[in-house]
Every structure is written in C-alpha cells, then in structure tokens.
2 protein chains.
Amino acid sequence: MVRHKFLLDEEQMPTRWYNVIPDLPSPPPPPLHPGTHEPIGPEALAPLFPMALIEQEVTAERYVDIPEAVLDVYRLWRPSPLYRAHGLEKALGTPARIYYKYEGVSPAGSHKPNTAVPQAYYNAQAGVRRLTTETGAGQWGTALAFASALFGLECEVWQVGASYDQKPYRRTMIETFGGTVHRSPSELTAAGRAVLGERADHPGSLGIAISEAVEVAAQDPDTRYALGSVLNHVLLHQTVIGEEALLQLELAGETPDVVIGCTGGGSNFAGLAFPLLREKLAGRMSPVIRAVEPASCPSLTQGVYAYDFGDTAGMTPLMKMHTLGHDFVPDPIHAGGLRYHGMAPLLSHVYELGLLEAIAVPQSECFAAGVQFARTEGIVPAPEPTHALAGCVREALACKDSGEEKVIVTALCGHGHLDLAAYDAYLSGRMVDEAVSPERFASALAGVPALG
Amino acid sequence: MVRHKFLLDEEQMPTRWYNVIPDLPSPPPPPLHPGTHEPIGPEALAPLFPMALIEQEVTAERYVDIPEAVLDVYRLWRPSPLYRAHGLEKALGTPARIYYKYEGVSPAGSHKPNTAVPQAYYNAQAGVRRLTTETGAGQWGTALAFASALFGLECEVWQVGASYDQKPYRRTMIETFGGTVHRSPSELTAAGRAVLGERADHPGSLGIAISEAVEVAAQDPDTRYALGSVLNHVLLHQTVIGEEALLQLELAGETPDVVIGCTGGGSNFAGLAFPLLREKLAGRMSPVIRAVEPASCPSLTQGVYAYDFGDTAGMTPLMKMHTLGHDFVPDPIHAGGLRYHGMAPLLSHVYELGLLEAIAVPQSECFAAGVQFARTEGIVPAPEPTHALAGCVREALACKDSGEEKVIVTALCGHGHLDLAAYDAYLSGRMVDEAVSPERFASALAGVPALG
C-alpha cells in the first residue's frame, strides 16, 4: 500500500513552543531606538503589544508552554498532516523522497492562525477590546479575524489598496469571520490622509497599511496592534510546524537531508526550520536548510545585513536584518506574502551564522512547479509556497542526475483557492518575470540608515 | 481536553462501496426508454459509459470492491475527518452534540472526487481517451479535471454560461488541473448552436450543458460522458463517506439520533445516509434521516414522484423520481449544486418507502447558519452544505427547548472558498429569498410526461 499521509493524534500535538535563541552560538543583536540608537527595553513596545507577548519576544527560555485555551483552538486543525509526494516524485522521475508539511488545512488556509490565535488570546487576557493590523495578500488579515472572533475581540484590518481592489474575496472572507476591512490608505488615520492628500487614488503599500494600523492602536488604550511575521514571538508560535514534522518524519522512518521553505518575513520558514535546526545543532541529524525567496524581492541573497526600519515610513524600532532598504518597492508579483523588504531579524542572524543557505527563484518557475504539484498531488498551492516547491523540484532533479535518494522536507504553507487569478495569468501566458536592475537595488540600499 | 477531530488511519479506509438496493423492502423502478416506455437494458447506456460503471449502475450486489488504484488516490485525502462542533454547540447553547463529516479536504474541495476518481479510472481502463461533462457551480468539473489528470485522460467541461461569466476562478481551477472549459451554450455542438441561434447571449442552463457534453461523447468512440450525481453508481461511490462516519462515531462513542444532509441531485446526502440507513434497517440504530433542500428548488417536498427526463432537452431515459418538471428553471440561488429539477431515483424511492424525511429552507437562513459556523468552527462552508447546517441549527435549538441531548450528524460536503461572492451578497444585505408561486410549480409540473 502506498502511504500518503502521516497523521498525529490530537494528544501528540506539541504543548510548548520552541525558542531557538538559547541554542545558537550567539544571541541576535537587539532592536534599537530610532532616535537614540540605544537598545530598547520591553516597555517601549507596551503601547502596541500586551506584556505576555513582549515577554515572549525577549525570552531566553528554550521552551514556552502553550496555554490550554490556545491548544483547544489549535486542535480544530492541528496536528496538520505531513504528506509524502509520491505523485510529484513519479512525475519528476526522481529517486528523492519528498515530504511536505501542509498548513492549508487551517481556517485561514495558511500557517498564519498558528500565531493569530495566541496573539488574540493574550490580548483578550490583557483586557484588550480591539486589534488592528495590516494585510497584503490577505492571509494574515483572515487569520487574525478568525482568531479575534473566537476570543470576542473586534478586528480591524487595513488592506493594501491594490489588493483590496484586485482581491475582493479576501475582504469577504475576513468579513465572514467578523472582521472589518479598510482600504489603505484610508481617511481614518493621519498617515492615510497624508498619503491621500498627495495622491487621491494611491494604491497603497504594506508600509502605509502598517503605519495606519499602528497609529490607531497607539492612540486607543483598549486597542493593540498585531503583526503576522518578522518578530521573535511570531516565529516562536510557528514552531509547532517543525515540532510536529519531526514526530511525523519519525513515523515515516526518515531523517531529512534537505529542508526547503519559502521566505517573505520568515515566519513559515522558521516555523519548520528552527526545530530541525535544534536537532542539527545537537548532532542528531544534519540537514541542509535552504530558504527560497522571490527573485524580485531577494532580501537574503541581494540585501545587506544592517539596522533598518520595519516599515516604509520609518516609525518602528531599528532592527538588524537582511534588508533591501525600507523604501524598496518590490514588483507586483503574485506571492504577496513574500513582498517584504526585510527578513526576520532572528532568521537573518541564523543566516549570518552560516546555519542556513538561500536561493532566489523567478516567479514563472515557481508557478510551473505549482501547476505540476496540483496535477500530481491534488492541492493548488498558494503563490508563496510555490517558491518552496520550485526549490524542491530543483533539488529532486539534481538527485535524478546524481542518483542520490535524498529525503527532502518542505513547508506547503497554504492553499491557493483565493489566488486563482495568479494561476490564470500563468496559464494564459500573461505572467512575466520582472528583472530588478542593480541600480534599483543600489538606490534602495542607499536608504538604509547609517548608524553612528 | 476538548476533542475536536475523529481521524482514521489510511488502513481503516473502507475498501468497498455499499449498495443499499438489496437491503430495501423493494427495488427502485427501472429507467424507461423515452420512445417505447419499456425498461432499458445496460446496452442502451454503452455509448455514454464504460461497461464497468454500467454494471455498477444495475448491480444487485450489496458491496462492490474499490479497485486498488482508486484506493491509492482516495488516500490523498481520505479518510476525511469527522468533527465535533463544540464551538457551534456553545454558541447555540444546545445540549445536543453535533458532528460533521467534512469533505472539503479533497482536491476539488468537495465530495465530488469520491466518484470522479473511480469514473476516470474505469474509463481509462476501458481505453477511453477523453471525458466530457457539464458543470454548474463548478465543483464537479473541478473534480473530474483532477481525476482525469491522474489517469491521463483529457477532460472537457461545458460550464453553464452564467457561472462561466460570474465565477471565472472556477474555470481557472479546472484549467490548473489540466481540464478544458467551454462556455455553454457553445458553437461546438448542434445543441449549443441551436440555442445560440435563438439567442446569441443565452446564459445557458445545466440542461443545455448536459446536452452538449452528451452530444460530443456520443459522436466519438474514444470519448465518454461522466455525471456527477443522480445515477446509482455515483451514489454508490459516495458511500465511503457514511462508512467512515460509522467508524468515527464509534470512536466518539456515539449513536446518531438525527442524520441531516443537503440534497441537490442527492449524491452527497446518499453517501452519508445510506450506510446509516443499512444500520437502521438492521435494527442496530434508529436515527431520523432528514434531507434539507432549498425552498427555491424543493423536488422532494414540492415535486411529484413520476417518470421524467433527467435533462431539460428531454434526451435522457425516463427516470422515476421526485421532480419539479424537467423544464422547471430554479431561481439563481447561490447554492448552484442544489439547482436540479429532480432527485436521484434511488433516493426518491427511499423517500417513497418512508425511510427519510425532508424539509425546505430559505437561502438567507442557510447563510446565517454558514456565517455562524465559520465564526465558531473556522470553516467557511460552501453554499450547498449551509442548508444542512441550517437544518442542524433548527434541530439543535429544538433540543435546547426540549432539553434533549440528541446526537446530530451532518455532512459538510465542501468549503466555500470559491463562493465568497455569495457571502458578500449575504453580509451586505443584498441576498433575497425569492418565493416560488404555486402557479410556477404547477406550470412546470404540467411538463412531466404522462405515461400511457
């Protein structure tokens, strides 16, 4: 019998998140105050986040217990399945064995609820009434709206204008879960009004949407802000992915040789990779760990490792990370979740330590892998994880050439049911791989603040 | 610990389909030749279906073995999960315990691949090169395109024109799986050209799309036709749903008191209900079995039990079934999968035997239940199973009044990720419950052929 799925019982679900920092040879550099350039303390984040999340942001503990109320929600879809990609392997003619951890079974259809649920829980515990956030592709806004509904919080989402106009069904899904969606830039904030004053039909950007959500949260003591990637506590919450995958690989009797994931802000990749990195650092396995980023927004492979702002407007603390410059505007590729100018500081630090490698792949190669995957495995992937799949296809074809029977493990972080316009563009030949000129990279990098 | 999911191992997946006919007190009436009004033999179906499926259509065996190649594909997503709806129960304040069997985990996002896969398999075994079919809401076309890709068949889908125009992403999903989509009515068939000759911008209908797909299949010896509901062999394939549910209810330690499903052509409902009906007929349990149909297309509660055509054009054999008349055109409700003028002949027969009951529910009540379900359980249901959910809510609220701790089991036959326009209509207050006048029912029923 061909075995496709490796499932765990609800009782086998991890009950604690894993923090990779204590296992690293050195800690990541701290965030700095944008004015003084001094390391910021936890209290600087208090207007935006509840103290429980700030504590997780800076914790030195290796493990953090997952609250029972969060576990109870996780069990709606977790443990998520690990699949063996027999169909894809056969189509590629590879001796490699490919496993994918599938997070599309969650309510939002992606890995995002893994952190949206605890963020909503801790905010509700702290007496917060309302959460604000931004969303680009829409996965994060959907996840936070769902989590907010469960814990009785209001949820207001500023959606990047261009996405709001082009992907109306994402808005509807957020509203179905009870959230409110504003087109960004909006008249509701000073940041939005300033932008609209310059250009009434402004298409918006993630940076502007962040500014609007942060502004509203900072002004109302009953409101906090929630972020879907980049920060340490977000990466922490996502480690349930890798912890489950380790148990499932054991069920399958396999030891991974290569771990491949897509990287935008870095949370999905870290979620799978960090628990496996722990095993690697402990000498229990020795997988190559490889990030795949879009050629049009390649922060690891083309960026610099420097202190930079998390948002375009320069309102956040300075974080040391791989960045293309906070005013770099990526081409409008379909993988909206990968269009971020920087990489999570913790993941950037791990990259600097030489513990992971990275490649950049053009969009059309990713969609080719996505279509092949759909026709052989039955799941239409979101545009973001097609990057991971393109990386798997490259590795599997290399194994075909070399005859190596490598075990490849990847993260299929979401389905593409709300991204079919992108598949239509690909299938009808309208998708182009926009090349970024060296001058454009250089121009954006010049905007990275120089520290005295 | 709150237990949400009852999962089975791949080894526990049923290895045979269940045929309810031998367990019924009498067999269903046979289909008749439209000209002679004599019962038709298997050979009359040979131009459209391969012999293996025709044999299943007329078999008197209680069980039919599932081929190993079909089981191998089923294991991509089967066994599907059975969930306990703790969140919905709590929101309703009911002492009832609600379980839902979720088929949205399949590649097409619905129960349709359960029959698309064996239909593609048996056609491939018979040397068929191409399958044709119609699709309305799009779930069936998606499922058949996926199954065809796996078995190396071409798949051509005639999509009802109005759906083709309004739901472009369904077409893209079918194309992603490798299928070809034609807007119906098309210039490719005599049936299509005749309709277009009368009205160039004709919005199409399921009946016209069936005529086109059948015409193309009948004219090419390498092409066969595939139907997604109504026929005995389709209902047979869907019984994996109920067989798994029985094992999962045993895991949960429950005996069902009420079984509730939505009915369009009847395949999803029969898939859950027939194995439970077997247990009921054998005296091992005694659930009420209840079909929920849309108030705008209520074939069981408002139709007649009579011989009628399966398509609008009157090209098919006559089948004895509950029908609103083959030229009844339902209002354009959002549950496209429930807009069929008739009910599966086998399910109609079971209804006549008094073994199931039926209710009709207006659209807005269904969407209210769907939204409540999304916010409490995390899954956005397709419009079709919101009818089942509305039936569950009615039953659960009756339990709240009576204090009865009934066990309610329902079929959540698909997700609504490609139906968010319907949720937008509901949430924005644009959804209307169109009432069907008695005169309109009477007019359509007058078209049911009288048999001499």
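I began with the two copies and noted that chain A can be laid on chain B with an RMSD of 0.0 Å, by a turn of 180° and a shift of 0.0 Å along the axis. That is the relation of a two-fold axis, and I keep in mind that the model I am reading is a predicted one. Looking in chain A for the C-alpha nearest this axis, I found that of His417(A), 3.1 Å from it.

I then turned to how the copies meet. Of the interface residues of chain A, 98% are also interface residues in chain B, so the two copies meet through the same surface.

Next I looked up the record for chain A, where an unreviewed UniProt entry places the feature "domain: Tryptophan synthase beta chain-like PALP" at residues 76–414. Over that stretch I noted 45% helix and 19% strand, with the end C-alpha atoms 16 Å apart.

My last entry concerns His415(B), which sits in the loop of chain B between strand S15 (407–412) and helix H17 (420–427). Is His415(B) buried or exposed? Its relative accessibility is 3%, and because buried means under 20%, His415(B) counts as buried.

I followed its side chain across to the other copy, where it makes a polar contact with the side chain of His417(A) at 3.4 Å. Within chain B, a polar atom of the His415(B) side chain lies 3.2 Å from the backbone nitrogen of His417(B). Leaving aside neighbours within four places in sequence, I listed the contacts of His415(B) as His417(A) together with Tyr102(B), Gly104(B), Gly109(B), Gln139(B), Val380(B), Pro381(B) and Ala382(B).

Definitions and conventions. Residues numbered from 1 in each chain as written. Chains lettered and ligands numbered in written order. Predicted model: local features only at pLDDT ≥ 70, side-chain atom pairs only at ≥ 80, totals over all residues. Heavy atoms only, no water. Least-squares fit on C-alpha atoms with pLDDT ≥ 70 in both. Contact = heavy atoms within 4.5 Å. UniProt positions renumbered as here; feature names shortened; annotations may be inferred. Helix = DSSP H or I, 4+ residues; strand = E, 2+ residues; numbered from the N terminus. Buried < 20%, exposed > 50% of the residue type's maximum accessible area, 1.4 Å probe, protein only. Polar contact = N/O pair within 3.5 Å; in protein donor to acceptor, adjacent residues only side chain to side chain.
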